[in-house]
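Visitor: I am new to this structure. Please show it to me, and then take me through a single part of it closely.

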There are 2 protein chains.
Amino acid sequence: MFANRIIDVPKSFIREILKVSADKSIISFAGGLPNRDLFPVENIRAATNRVFEISGPDVLQYNKSEGDPELRAEISKRYESFYSLDIPVKNILITNGSQQGLDLLGKIFINEGDSVIMEEPGYLGAIQAFGVYKADFIPVPVNEEGMDTVQLTSAFLTKNPKLIYTVPTFQNPSGITYSNENRKAVADVLRDKDIFLVEDNPYAELRFEGENKKSFRAFLPEKTILLGTISKTIVPSFRLGWIVAPDEVMEKLLVAKQASDLHTNYFTQRVVCQFLKDYSLDDHIKKINALYSAQKQAMIAALKKYFPKDVKYTNPEGGMFLWVTLPEGLSAMDLFNKAIERKVAFVPGDPFYTHKTGVNTLRLNYTNSDEKTIDTGVRRLGECIRESL
Amino acid sequence: MFANRIIDVPKSFIREILKVSADKSIISFAGGLPNRDLFPVENIRAATNRVFEISGPDVLQYNKSEGDPELRAEISKRYESFYSLDIPVKNILITNGSQQGLDLLGKIFINEGDSVIMEEPGYLGAIQAFGVYKADFIPVPVNEEGMDTVQLTSAFLTKNPKLIYTVPTFQNPSGITYSNENRKAVADVLRDKDIFLVEDNPYAELRFEGENKKSFRAFLPEKTILLGTISKTIVPSFRLGWIVAPDEVMEKLLVAKQASDLHTNYFTQRVVCQFLKDYSLDDHIKKINALYSAQKQAMIAALKKYFPKDVKYTNPEGGMFLWVTLPEGLSAMDLFNKAIERKVAFVPGDPFYTHKTGVNTLRLNYTNSDEKTIDTGVRRLGECIRESL
């Protein structure tokens, strides 16, 4: 009875992992949740009440599919101030988080079997969203400098990929950030190709060390599609994100958005707009970054202390994750099963690959545990690894 | 560059119509908006503040793809009290309005070219949502008694439709309600077929005359999928709806929901749940129905007074629309252009048909104009019709 696009999709692996990790006695480095202690509850509440005062019933009525023009103007201003990008309001479409951005892109671009270049490892939400439209994934590895441009070039030898998906800053799952040089090199490969580059960017503002990098839009203005979200910086439960796309893509996205759900929750769009007008987002993000920086340092210190020397890990300058590579031959999935017995959880690398299983890599989240818990959890993990060696 | 599914989809016709009608000097019977004067602003505001008090930061965190269990329990209770239906909470999935319910159903059921039976005339949002997945529509006419069961039976002679879409109570666009006898007859045709019936039900509680009808779920419990929404009864801008589906369908819907946007806005789910706990929905709906009833009566009175005798129209016992059939040979689209010059708008029938254009039918909304304006607008429309004859 079901459509081909949904028959093969298994139950979300990460969902199952998160279920296991929900046990309160388990130290979890598995989730990807922002730290709830930092949610600006009182300011969101004040903004909400101001919205009721200012707009009354109008804020409860149906609204435009594009999203609230004032909120889109605030987003455009933020691109100007934080990224030095000039983004016209008409090129911004409000979505239900960036996950819906991915779904809409899949909907308007991907015919069954169309090729899509995917970072390896890559964000599993993108793999799921494009996978539903039966994309043919071409994985291209990322390393600490960014995407492997030799393998990127090879991807065009036999296929005509329509999209390339990247999280170039504080990547999920690896924490890797593409250097400016690598971004330019990637852009040079793509410049004469018939392709759109998707720059998914939930984490760039969560930078606690180093310098901002340039957006791909600075190198490939006509070919870059940006995805943004407030989920990691303000509030996740509102499911508020956006797509920035060229005019001809925007037109198709708008048709797809209408058919998908008419428009994103207008009430909470207004609340976020009011919050951005009344409070300093920079001040709020400073608090997040101070905490996440300390948590990351605690995790790096614990990894140094407890992990065998031949285990490698990234040391990101921001974001929420780091990426561990076990010695060859060790399976992160086997380690996961051992770790759960010792009451510590993480996400094994498998769901972040489109063509590999039984990998020796894993993702650690550091934003949801205090420093002492991080030390205890990493110590237990280190013991599990030593036993496996 | 674009996927086949989106290339042919034209800009929403109704969107263009609504743009024309947005001119404040135009009397508009075109929209499908609930009357904003009836939004329970103060109670929603109070519920919102209680949610902040009770839940604090938890209400801002990511949440389950199924939706809030307490809200789903409230919805289940409502099915019990209003419809005498026993709906387990596990069979309810929260969506972004029922439009997302339609999109998710298209996503999990429709391969390109799969047949879908569609009421004629039928809800254009469903035509759009399923059209994106390249459904092959089989139109089956509805009349004042409900669906034509002879033509419904014929639909199975040469094709194997997977879905049948209905709005059996106060249909959009026609205002028609299927009788209980017709529902039983439709169910009898479908009973031995491999098909799911979608009962989209945004309007049933907006009944100001007559008796509640039975849900198709009472006749075909295993084959019926229900769509619900709070958009017409409480607040549209939250984009909050739901699907009720059998277990095996629910499993696929959940995968599709995760890939589409992870979950629906959790904060406003909690607000609606609190609203339902703290206030009487029945009392609120009584107010809506008192106003809509008066507006409908005003429109029927004006139609009697100003329309030529050979113009037919429905006289619904609830909902937001009625349906006008002009004498043969008259085009509602031509009438629309004339009417706009006279500063009155409606929706010509064309977008509600999958296989016809230039039809002689049109939709009138009566919930957004006061009685005097209804009289003036219908008078002008009557003049335009007489000129066309």
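Visitor: Is the crossing of α4(B) and α11(B) left-handed or right-handed?

Guide: The crossing of α4(B) and α11(B) is left-handed. That term applies if the near helix is turned anticlockwise from the far one by less than a right angle; clockwise is right-handed. A word on the source: this is a predicted model, where local features need pLDDT of at least 70, side-chain atom pairs count only at pLDDT 80 or more, and totals for chains, interfaces and linings use all residues. Residues are numbered from 1 along each chain as its sequence is written, with chains lettered from A and ligands numbered from 1 in the order in which they are written.

Now the pair itself. Helix α4 of chain B spans residues 69-83, and helix α11 of chain B spans residues 266-278. Helices here are DSSP runs (H or I, at least four residues), numbered from the N terminus. The two pack at an angle of about 45 degrees, with their axes 9 Å apart. Axes are lines fitted to C-alpha atoms over the stretch in contact, and angles run from 0 to 180 degrees between N-to-C directions. That angle makes α4(B) oblique to α11(B). Oblique is what remains after under 35 degrees (roughly parallel), over 145 (roughly antiparallel) and 65 to 115 (roughly perpendicular).

Which residues touch? From α4(B) come E70(B), L71(B) and E74(B). From α11(B) come Q269(B), V272(B), C273(B) and L276(B). Contact means C-beta atoms, placed from the backbone, within 7 Å. By class, the contact has four nonpolar residues, one polar and two charged. Nonpolar covers Ala, Val, Leu, Ile, Met, Phe, Trp, Tyr, Cys and Pro; charged covers Asp, Glu, Lys and Arg; the others, Gly among them, are polar.

Definitions and conventions:
Two residues are in contact if their C-beta atoms, placed from the backbone, lie within 7 Å.
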